[in-house]
Amino acid sequence: MALAMLIAPQDEAALAGAIAEAYGASSPLAVRGNGTKASLGRPVQAAAVLTTRALHGITLYSPSELVIAARAGTPVAEIETVLAQTGQHLIAEPPDLSPLTGPGEGPQTIGGVVSCNLSGPRRIALGAMRDHVLGVRAVNGTGEVIRSGGRVLKNVTGLDLAKLLAGSRGTLAVLSEITLKVLPKPERTLTVMLRDLAPARGIAALSAGLGSPYGVTGAAHLPPEAAARAGLGARAASLLRLEDFADFVPRRARALAETLTEFGPSEILDEAASLALWRGVRDAALLGVGDEEAVWRLSVRPSRGAAAAEALARAFAPRLLFDWGGGLVWAAGPASEAAHQAVTETVRRAEGTFWLVRAPASLRAALPGLPEDPPPLAALTRRVKHAFDPKGILNPGRVFAGV
Amino acid sequence: MIALPPPDPSVLARREAIVADLARLVGPANVISEVLRLKPYETDGFTAYKRVPLAVCLPDSTEGVAAVLRYCTSNGIRAVPRAAGTSLSGGALPLEDAVVIGVSRLNRILEVSCEDRLVRVEAGVTNLGVTRAVEGEGFFYAPDPSSQLACMIAGNIAMNSGGAHCLKYGVTANNLLGLTFVTVEGEIVSVGGGHLDTPGYDWLGLMCGSEGQLGIVTEATLRILRAAEGARAMLVGFRATDVAAAAVADIIGSGIIPVALEFMDKPCIRACEDFAHAGYPLDAEAMLIIEVEGSADEQDALLGRLETICQRHDPLTVRLARTAEESAAIWKGRKGAFGAIGRISPDYLCMDGTIPPASLPEAMRRIEALSQQYGLMVANVFHAGDGNLHPLILFDANDEGSFARAEALGADILRLCVELGGCLTGEHGVGIEKRDLMREQFSSADLAQQARLKRAFDPGWLLNPHKVFPPEFAKAA
């Protein structure tokens, strides 16, 4: 990849031109922003790298309408800073996975987190990154600029290409601009913490909290090792986050703790501790990953999270972190085919899904980074790919081999 | 009127044989072919258009839907999916040479899990039926379109339905975890499930709002939410629509996201008051209904803050509900709004454009001017927080000129929404109604891309044809 030609269009017209040229030449492009998520997905064989990093800047921000639009290469951090100035934030709390995936060539871009549909702990309460994509501008595999959605909060006009492109990893079209719904940043964050629960019991506590009327916006379970890494001591910690107006949250935290007494005594963590802790959960930094290890992100029904973890533990010795009420299981372990097979088999039995987040390129090239689709869906995947990118030049093989 | 092509005579000629084949595939009890019994299926909630279908099939299993679709495709017969038939855009309008495939007999609730906060249902379960199944445990299903008593989950998915509470809780796409659908070739496909966020292409997001163009949904896994501790509403009357719109912007800008933020203009206030006697301020030019959630103390605090904000806009009336009963009284008029308009006018068209909320004052002024220009009354009731307008155009269906003017006025209002940076439809769908206006919002490249995507699912363009796409884009592969 080091020898690949780098194309960094300065505007959407240049982006369309570059793709049209590659289309004419039937020449595949590896699509990226700053490459911070290179390890999520299969390696792409391409003579040229097309980066959106020069498509930079916020193009619209209307706080009273809860919308912001930015060019795809705009760093997420820059958008967060601008939003914070008016007391707003990105709803899905997108993670910064660089502790797991490496630093890339610059800060992660909004195009990157939308293309990978990456969401943090707030996913469980307020939706995924793709849920807040109101509209996109993008260039398809023939070099045409296409638009979908818009800048309004409710829109069912035509097929929802915006959602389809979010999460499509640059394999259908290259995003040039994204419009997002945003929300007011909560005034206060507190955490209700229960200790020493085994995963199944901890997840049951998270479920009870999420089933309470107090508006839990984060529900994670840290096994002892992750808890120690968070500075909480090497005892399991089950965490429930509350975020709202400053005068509402303390009462709700007490009421929530009361609801959870059957799980043992709780402790209430203050704002500073809570913010740091949830950032660690968001970025899966509390997993702690060794140089040679692989990381998988499993998504299952919350009630099957603990059993899935046990199944993994029968095959290898995973380090674990549970988010999304126990439904998101982060697992670190040996970068081996056997471990990968155990993950694949575990989610198949749990009727869930997984994503290989990090592994050496050789493993990522050899194994599917997500469950294989059943034949009718695999056929639709190929046909949809062809409808956007008839010559297969955009990130070929990034998600599925041969697509 | 949108012109539909003449029905295919070769299909009409085979009608008896087709009906016999359908009866063999799904059982005679699940096929309707007598003219009298087909009559109720000739239209949907958009009653200006009527077509008696070739036959109606109501399979009682996903496999039955698959068998019928496979049959239709291999015989080149068009199919129109249908749920409850409450579409306000003609999304379920039948065609004379098409088989209607209804999901109303797929009406079982398959699983309720409060632990995993989900419900798995067949797609013919009603929207309210989902909430009814879980409310005993303190949960609810968030999307709540006005038709929720009748409308079905399959239709909610087809139109990505919202409702009054989607400012806080989102629309159908945000509350959908899994789907089973049948492709036009009769393949049964399951996507998502009880978990969140499946990698690969976002089939759930794509199917939501796809208006029966891509497949027929037979089963869905829906996210349910624990109900808040309580909710209360307030009502505020303003001297002018501009002022009410400024108050809306101030509320959202203050950091409070009410669970509902509804706007009514003077004609609508009057109609609702005459109908429901809800105590609405008849002197106000515009009125907001604002609902907040939380504990009793939190409700007091939020309503107090909202009152302070509204007071800055010199309101004529401010009424804070102190009890659930007083809240219900405030909502009573709004919930009966469409019925109330139905009392003062023999017929009305309900528009559904969305605008950026900041353009509300301009939109109101220009809709009023259009109303004068066309000589038809327009009453406005809508979800103000998300800019989803519902202008109701009053006309008389017995007067052909009146309907033509109403359609033309509606088209101008939707063009205005697009011009202001909005869109043609927020939650009712394009259907037959807005098909030819799609060119106003999208470029040829945009529509051609959507059409290629449609053909990836339906190469023969047999599913719900003549809708959503302007005719020049609606071509089989």
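Me: Let's start with one residue: does B:Thr86 count as buried or exposed, and why?

Reply: A residue is called buried if 20 or more other C-beta atoms lie within 10 Å of its own, exposed if 12 or fewer, and partly exposed in between, with the C-beta atoms placed from the backbone. B:Thr86 has 24 C-beta neighbours inside 10 Å, so B:Thr86 counts as buried. Before we go on, this is a predicted model, in which local features need pLDDT of at least 70 and side-chain atom pairs count only at pLDDT 80 or more, while totals for chains, interfaces and linings use all residues. Residues are numbered from 1 along each chain as its sequence is written, and chains are lettered from A and ligands numbered from 1 in the order in which they are written.

Me: Where does B:Thr86 lie, and which residues is it in contact with, leaving aside neighbours within four places in sequence?

Reply: Helices (H or I, at least four residues) and strands (E, at least two) are DSSP runs, numbered from the N terminus. B:Thr86 lies in the loop between strand E3 (78-82) and strand E4 (98-102) of chain B. Two residues are in contact if their C-beta atoms, placed from the backbone, lie within 7 Å. Once neighbours within four places in sequence are set aside, the contacts of B:Thr86 are B:Asp44, B:Gly45, B:Ser147, B:Ala150, B:Cys151 and B:Gly155.

Me: How should I read two packed helices?

Reply: Two packed helices are described by the angle between their axes and the distance between the axes. The axes are lines fitted to C-alpha atoms, for helices over the stretch in contact, and angles run from 0 to 180 degrees between N-to-C directions. In chain B, helix H9 (residues 241-253) and helix H14 (residues 360-374) pack at an angle of about 155°, with their axes 8 Å apart. That makes H9(B) roughly antiparallel to H14(B). For the wording, angles under 35 degrees count as roughly parallel, over 145 as roughly antiparallel, 65 to 115 as roughly perpendicular and the rest as oblique.

Me: Which residues make the contact of H9(B) with H14(B)?

Reply: From H9(B) come B:Thr241, B:Asp242, B:Ala245 and B:Val248, and from H14(B) come B:Leu360, B:Pro361 and B:Met364. By class, this contact has five nonpolar, one polar and one charged residues. Here Ala, Val, Leu, Ile, Met, Phe, Trp, Tyr, Cys and Pro count as nonpolar, Asp, Glu, Lys and Arg as charged, and the others, Gly among them, as polar.

Me: At what angle do H14(B) and helix H15 of chain B pack?

Reply: H14(B) and helix H15 (residues 400-419) of chain B pack at about 160°, with their axes 10 Å apart. H14(B) and H15(B) are therefore roughly antiparallel to each other. Among the residues of this contact are B:Ile367 and B:Leu370 of H14(B), and B:Leu409 and B:Ile413 of H15(B). The contact divides into eight nonpolar, no polar and three charged residues.

Me: What does B:Leu370 touch, not counting residues up to four places away in sequence?

Reply: B:Leu370 touches B:Leu409, B:Asp412 and B:Ile413 on that count. With 20 C-beta neighbours inside 10 Å, B:Leu370 counts as buried. B:Leu370 and B:Gly410 are 40 residues apart in sequence and 9.4 Å apart in space, C-alpha to C-alpha.

Me: How many residues of chain B are in contact with chain A?

Reply: On the chain B side there are 74 residues, in contact with 66 residues of chain A. H17(B) gives the most to the side of chain B that touches chain A, with ten residues. That side divides into 32 nonpolar, 27 polar and 15 charged residues.

Me: Which residues touch the most other members of the largest nonpolar core?

Reply: In soluble globular proteins, nonpolar side chains tend to be buried together. A nonpolar core is a set of buried Ala, Val, Leu, Ile, Met, Phe, Trp, Tyr and Cys residues joined through C-beta atoms within 7 Å. The largest core has 293 residues, and B:Cys57, B:Val99, B:Leu288 and B:Ile393 touch the most other members. Beyond four places in sequence, the contacts of B:Cys57 include B:Leu22, B:Val68 and B:Val99.

Me: Where in chain A is A:Asn117 found, and what is its phi?

Reply: A:Asn117 is in the loop between helix H4 (110-115) and helix H5 (123-126) of chain A. Its phi is near 45°, a positive value in a residue other than glycine. A:Asn117 counts as buried because it has 24 C-beta neighbours inside 10 Å. A:Glu351, also not a glycine, has a positive phi of about 55°. With 14 C-beta neighbours inside 10 Å, A:Glu351 counts as partly exposed.
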